[in-house]
Amino acid sequence: MKKSNLLLSLIMGLTVILSIAPETGLAASTSGIASYGANYLIKDDGSLWIWGDTKSVPTQVQGLSDVQASFPLWNGALVVTKDGSVAKWETNDRTMGIEVTPVGEMKNMTAFYGLDSRRFAVTGEGKVYTAVTRSDGAEMTDFSLLPGIEDVAAVSGYFDNIVNTDGQWQGDLRRFLFLKTDGSVWATFDEFASFAPIPNLTDVVKLESDYALKKDGSVWTWPTGKDFEPNTTGDPSMVIISHIPALSKINMMRSNGYSKLAIDGQSRLWFWGATITGSSDGTTYTDQPVPIVLSGISKVTDAYIVERSIVALTSDGKVYTTTIDTTKMSPNAKFTLLTSDVQSMKGGGRHMIMQKKDGTLWGWGVNKNAQLGYGTYEFNYPAPVPMQKPVSVTLNGESVAFTNGVITRNGQNFIPLRSLFSKMGATIGYSMDKVATITGTAEGKSPLSIAINTASGATTVNGKSITLLTPPFVVNGTVYLPLRFISEQLGATVEWLPQESRIAISMK
């Protein structure tokens, strides 16, 4: 298996596990956000909003209400509602619309994990359901109950490159781990034909790949076969755990499959595992197996590995970063302040979403696929940027679905060309010379014709030139037009309801 594919698979498993914990308190009371993850948020009203890929800003998933938790997939997510029901949403590749389907096989989903093509869902009753997808995340099979294992609290896993004692490669195998509610860990390496407990691994509260955190704060591990660390036991059934003496009284542990972080009872940040240098086919992972405490930062409450950086949150609400793009991680690594007044954060593999004390969400890092919800596809943001506020739109009281959410620029709200105005009785056109046309007749008014050059911003209403305060724009091939201006020209009344973050449009 290629390194890049392996890393992506492991990052996905890490990300979906860590992104489900709800955030409550000040954020909910000031921003209307009940919880959030690296690519979604749930509002106090139970609505789900997502961003990334074709959604450059938070976009409401229609057809879902009373959402309690979201578990991201590559091309959508599994969602749990207040009554325990589970549904899946996906973006239609042709229409770019969001489609929701029920998942009737399970209820009360509490945890999710993905590695390679295999997906696992854990229920509150300790049952495990599994499904299979292609490498691009499409064509998921129906979830089915996994027999032979029960009373499960969480799932983890990794790839093992088995090399025998003669140095002969025996092949890649997927080893899946199941943390049971009693703290024991069970493993399978033969695609679920058998399950066996890992000897002496008890009182475990957290699994991260081939590392286990016990209730007493000790960290345990066992040999695995990575590209830089082959498993030479030659026996895939053999899992022999060992204690990492440098780590004690650990409160939090995270891994992206190569690099590891831990926070101890003194709020110190520890690092071990791989540093990364080079790029593309020249990428080099240098293993640093002995944990080191990073003395350049203190009072750490949370930390993630994001792309080639460590991002750490301190108890005074400050977020710092340092690089792992080096051949050897120094205990004296310098941390640079990113931002302040942060109360929580969620890592997404290549980006970070942070919630400030005023409840607003901010993004940092790679934005190639609109991971930051900022309304652009700029590849990277070296400084945090504010996420676009989730804004809903209703027409005569009915919620309007968008292929991408409302984008706000210079205090004005813009919407995709074909998302709303046709519902208001208008005819929409777009010519090869980049001119959008909106024609219609409002009740009691003369026929209306609006022409907007989306390249220059030149606008006419019934042939008369006017100047727009903010010209229209194109994001990822989609034209965005000013919502209020065109709606009012079509004879509608537009009202902004700040308490609901909703634009209410009414027309006869």
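Is Lys299 buried or partly exposed? Lys299 is partly exposed, because its relative accessible area is 42%. Let's look around this predicted model, one close-up at a time.

**View 1. Lys299 and Asp316 meet in a salt bridge.** In this pair, N and O lie 3.6 Å apart. The partners come from distant parts of the chain, 17 residues apart: Lys299 sits in the loop between β24 and β25, and Asp316 in the loop between β26 and β27. Like Lys299, which is partly exposed, Asp316 is partly exposed, with a relative accessible area of 33%.

**View 2. A salt bridge joins the side chains of Glu307 and Arg350.** Here the N to O distance is 2.9 Å. Glu307 belongs to the loop between β25 and β26, while Arg350 belongs to the loop between β29 and β30, 43 residues apart. Glu307 counts as partly exposed because its relative accessibility is 33%, and Arg350 is partly exposed at 30%.

**View 3. Glu208 pairs with Lys206 in a salt bridge.** Their closest N and O atoms are 3.6 Å apart. Glu208 has 7% relative accessibility, so Glu208 counts as buried. Lys206, at 22%, counts as partly exposed.

**View 4. Asp116, Arg174 and Glu191 form a network of salt bridges.** Side chains of opposite charge can pair when their charged atoms come close.

**View 5. Five residues form a negative surface patch: Glu150, Asp151, Asp182, Asp203 and Asp216.** Find Asp151 in the loop between β12 and β13. With 40% relative accessibility, Asp151 counts as partly exposed.

Key:
Residues numbered from 1 in each chain as written. Predicted model: local features only at pLDDT ≥ 70, side-chain atom pairs only at ≥ 80, totals over all residues. Heavy atoms only, no water. Patch = residues over 30% accessible without salt bridge, like charges linked within 9 Å, V, L, I, M, F, W, Y side chains within 5 Å. Areas by Shrake-Rupley, 256 points an atom, 1.4 Å probe, with all protein chains shown as cover. Salt bridge = Lys/Arg side-chain N within 4 Å of Asp/Glu carboxyl O. Lys, Arg positive; Asp, Glu negative; His and termini not counted. Charge placed at Lys NZ, Arg CZ, Asp CG, Glu CD. Helix = DSSP H or I, 4+ residues; strand = E, 2+ residues; numbered from the N terminus. Buried < 20%, exposed > 50% of the residue type's maximum accessible area, 1.4 Å probe, protein only.
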